Number of protein chains: 2
Amino acid sequence: MARPVVGIVGGGQLARMTAPAAQTLDIHLRVMAASADDCAAAVISDVVVGDHDDLVDLMAFAEGCDVVTFDHEHVPPEHLLALQEAGTAVRPGPAALVHAQDKIIMREALSRAGLPCPRWAEVSDADDVALFAEAGRWPVVLKVSRGGYDGRGVWVVESPAEAAEVMASTALKPGARWLVEEKVEFVRELSAQVARSPHGQAVAYPVVESLQVNGICKEVIAPAPGLSPERSARAQRVALDVAAALGVEGMLAVELFDTGQDVLVNELAMRPHNTGHWSIEGADTSQFENHLRAVLDLPLGSPAPRLPCTVMVNVLGGRYDDLHDGFLHVMARDPGVKVHLYGKAVRPGRKVGHVTVLGADPEVLLARARHAADFFEGTIDG
Amino acid sequence: MARPVVGIVGGGQLARMTAPAAQTLDIHLRVMAASADDCAAAVISDVVVGDHDDLVDLMAFAEGCDVVTFDHEHVPPEHLLALQEAGTAVRPGPAALVHAQDKIIMREALSRAGLPCPRWAEVSDADDVALFAEAGRWPVVLKVSRGGYDGRGVWVVESPAEAAEVMASTALKPGARWLVEEKVEFVRELSAQVARSPHGQAVAYPVVESLQVNGICKEVIAPAPGLSPERSARAQRVALDVAAALGVEGMLAVELFDTGQDVLVNELAMRPHNTGHWSIEGADTSQFENHLRAVLDLPLGSPAPRLPCTVMVNVLGGRYDDLHDGFLHVMARDPGVKVHLYGKAVRPGRKVGHVTVLGADPEVLLARARHAADFFEGTIDG
């Protein structure tokens with residue numbers, strides 16, 4: 001084959017972090033960014049500025065790409081279908097991706113496939129929510145089926161009045177509906193990532209533990225400490241089954257609740273995912289490389305961990321506008337910490353980078369990674 | 001500090017492989033390439049095409065760079081001095097770099113510092129060579145002091161007549177002179193890499209074993225198998241002493257002969273080096289990241305190996321014009337092999353990529369890496 005050309009719709013940090021993997025395999029990366037200021041645009045030569053809601057822009061972007069894939073789930077399903085019908089390889093394809101775009105379609109498909117979900121129902125008003133809650137108990141989790149991410153579009157409501165207030169004050173995006181889910185009592189959150197290729201090969205990464213703060217992934221420990229081999233195999237099996245049932249091509253992240261007895265599927269993402277950033281240094285093949293290999297239908301790389309434990313902590317926008325000011329302290333204090341800055345303007349709570357530390361003892365690694373992240377965020381001084 | 005801007009003169013694979021490290025730390029990389037087709041130009045957004053022999057081009061390139069460093073040793077020392085005098089931070093500086101540019105100046109400095117070198121002498125004709133050989137024995141190694149690399153500019157000569165023929169048929173570049181060295185009986189070649197920063201911090205990488213074929217690095221095993229702790233410490237000490245004695249800023253590779261009794265310095269390179277490519281996956285901090293950290297005077301990263309053994313094998317231009325054709329076989333056969341392609345046109349014997357395998361047993365890793373490299377080169381079929 002000639003040098004492969006992979007188009008990524010979206011110019012955020014996931015596209016940006018795909019660049020090193022693409023370069024290493026001499027894969028040409030083309031990115032469709034919403035603006036020339038998108039953080040991927042700074043490091044990728046072939047950037048097309050365009051609107052992912054505009055089919056004409058998408059068609060022009062896809063011209064010459066061997067495959068088109070995504071940094072986010074925001075491209076309208078009908079545009080993806082049109083691209084596919086025009087002969088573009090779109091991976092994951094629209095029939096799969098819709099499950100990461102619409103939580104109701106996802107819940108229906110997983111329930112049909114017998115995969116473990118929280119109890120859920122589509123609702124149209126607060127009365128429906130109350131009816132659902134009566135069968136269980138308050139609080140419940142109210143969600144919009146489309147358009148939410150990083151905790152947006154999700155509300156924990158305690159009463160019919162609260163549900164009514166949320167529903168009255170939220171404008172649904174076109175095609176979006178309401179659903180409600182039981183609030184799962186979990187001991188922790190897990191993430192099971194798999195890569196799956198069009199010819200059906202799949203590999204499962206070690207199951208990781210993730211800590212979410214205000215709906216945003218803050219910490220990941222790989223593999224999840226103390227997870228029994230049975231529970232780990234169960235989580236990987238669920239993720240592989242989701243990938244096969246939905247026909248995923250590329251990386252799939254299945255976010256799971258660990259209830260202590262079993263796992264339940266919380267969310268899906270069909271792209272590299274925050275809970276897989278540890279794999280850049282921590283696995284034989286990073287999620288970014290395996291996403292490229294999967295969408296190009298190349299044999300997948302080993303997802304095996306290199307060291308007994310890898311910890312990743314996100315850096316969120318905090319006190320400092322210029323994160324480079326943190327280099328001297330962070331690098332001098334801990335020569336082993338791996339710093340990743342995304343080149344994004346710092347805004348409070350925004351994901352602007354992450355740090356990774358590799359070793360053996362999760363507690364030690366967490367303390368080291370937290371110190372570095374806290375310093376970049378400005379919540380500690382040294 | 002604001003986002004640092006590092007300028008690299010030279011657009012080859014060393015500049016190219018610096019891009020991921022720069023991106024990760026949100027360091028802006030600017031490359032001066034001899035042509036827009038240089039392999040670094042394909043992956044770096046900020047490329048200036050210019051002539052490294054032209055001071056005007058160099059001055060324009062340096063404008064706005066926080067520091068200027070190098071992918072090769074070909075910039076004339078007087079231009080580097082002029083840049084430095086104009087206020088540009090040049091690292092390594094011309095006073096250091098000249099030792100990697102001129103083998104006579106290097107031998108003089110190392111001999112003065114008491115560092116272990118082969119017996120050597122400057123020569124101007126075949127009679128001088130014969131005189132040198134009489135004090136030892138034939139064959140001897142005849143070298144041009146400037147302009148040689150990857151085995152070019154080096155001849156093993158067996159007799160005065162052969163020396164005379166080489167000297168008569170070789171046009172010396174401006175400033176170049178002849179030197180002769182004893183042909184060292186070595187049991188293997190080693191490479192000791194260190195990073196050194198302007199403020200004098202230095203870190204030493206594990207000493208590696210390298211196999212050179214026709215003057216080109218072909219295989220590297222990190223760390224060097226069976227190297228005694230004493231010999232390893234000696235090699236690291238020599239490299240640290242070279243870096244301090246010559247005032248190196250950035251990465252330094254000291255290629256060494258392991259004579260079985262001691263080590264002798266063969267060559268120096270003041271930049272990331274082929275014998276350090278294993279560090280991309282194999283060390284806590286790659287040589288490319290530490291080169292950036294060093295030239296920016298940031299604290300250096302840990303050079304510790306992540307796994308007991310890492311093996312790198314170069315891919316040289318061979319039977320296939322399109323290396324991507326090798327992906328299916330190489331990736332399917334060995335999901336753990338890390339493939340690096342440089343995006344260069346394939347020409348026989350040219351360095352066009354490398355493969356890296358990590359694990360424990362050097363023999364097993366060598367066999368895996370050789371298989372992948374041989375397949376890309378077309379010397380085996382599967």
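**Reading a predicted two-chain model**

Guide: A:P223 lies in the loop between β12 (216-222) and α8 (229-246) of chain A. Please keep in mind throughout that this model is predicted.

Visitor: What form does the peptide bond from A:A222 to A:P223 take?

Guide: One reads the form of a peptide bond from its omega angle. The bond from A:A222 to A:P223 is cis, and its omega lies near -10 degrees. In chain B, a cis peptide bond joins B:R91 and B:P92, with omega at about -5 degrees. B:P92 is placed in the loop between α3 and α4 of chain B.

Visitor: How should I describe two packed helices?

Guide: Such a pair is described by the angle between the two axes and by the distance between them. Take helix α3 (residues 77-85) and helix α4 (residues 94-101), both of chain B: they pack at an angle of about 165 degrees, with their axes 10 Å apart. Angles over 145 degrees count as roughly antiparallel, and α3(B) and α4(B) are therefore roughly antiparallel to each other. The crossing of α3(B) and α4(B) is right-handed.

Visitor: Which residues of α3(B) and α4(B) meet?

Guide: From α3(B) come B:P77, B:L80, B:L81 and B:Q84, and they meet B:P94, B:L97, B:V98 and B:Q101 of α4(B). By class, the residues of this contact comprise 6 nonpolar, 2 polar and no charged.

Visitor: At what angle do the axes of α2(B) and α3(B) cross?

Guide: Helix α2 (residues 55-62) of chain B and α3(B) have axes that come within 10 Å and cross at roughly 40 degrees. That angle makes α2(B) oblique to α3(B). The crossing in which α2(B) passes α3(B) is right-handed. Here B:L55, B:L58, B:M59 and B:A62 of α2(B) meet B:H79, B:A82 and B:L83 of α3(B). The residues of this contact divide into 6 nonpolar, 1 polar and no charged.

Visitor: Let us turn to the whole chains. How is chain B related to chain A?

Guide: Chain B can be laid on chain A with an RMSD of 0.0 Å by a turn of 180 degrees and a shift of 0.0 Å along the axis. That is the relation of a two-fold axis. The same surface serves both copies, since 100% of the contact residues of chain B recur in chain A.

Visitor: How many residues does the contact take from chain B and from chain A?

Guide: The contact takes 36 residues from chain B and 36 residues from chain A. On the side of chain B that touches chain A, the elements giving two or more residues are α1 (13-24), α11 (327-333) and β16 (338-341) of chain B. That side has 20 nonpolar, 9 polar and 7 charged residues.

Visitor: How do α1(A) and α1(B) pack?

Guide: Angle and distance may be read here as before. Helix α1 (residues 13-24) of chain A and α1(B) pack at an angle of about 170 degrees, with their axes 10 Å apart. That makes α1(A) roughly antiparallel to α1(B). The contact is made by A:A19, A:P20 and A:Q23 of α1(A) together with B:A19, B:P20 and B:Q23 of α1(B). The residues of this contact are 4 nonpolar, 2 polar and no charged.

Visitor: Finally, which domains does the domain assignment of chain A give?

Guide: For chain A, the assignment gives domain 1 (5-90), domain 2 (119-182) and domain 3 (188-377). Taken over C-alpha atoms, the centres of domain 2 and domain 3 of chain A are separated by 28 Å.

Methods:
Residues numbered from 1 in each chain as written. Chains lettered and ligands numbered in written order. Predicted model: local features only at pLDDT ≥ 70, side-chain atom pairs only at ≥ 80, totals over all residues. Axes fitted to C-alpha atoms, helices over the stretch in contact; angles between N-to-C directions. Helix = DSSP H or I, 4+ residues; strand = E, 2+ residues; numbered from the N terminus. Parallel < 35°, antiparallel > 145°, perpendicular 65-115°, else oblique. Left-handed = near helix turned anticlockwise from the far one by under 90°. Contact = placed C-beta atoms within 7 Å. Nonpolar A, V, L, I, M, F, W, Y, C, P; charged D, E, K, R; others polar. Domains from an automatic or database assignment. Least-squares fit on C-alpha atoms with pLDDT ≥ 70 in both.
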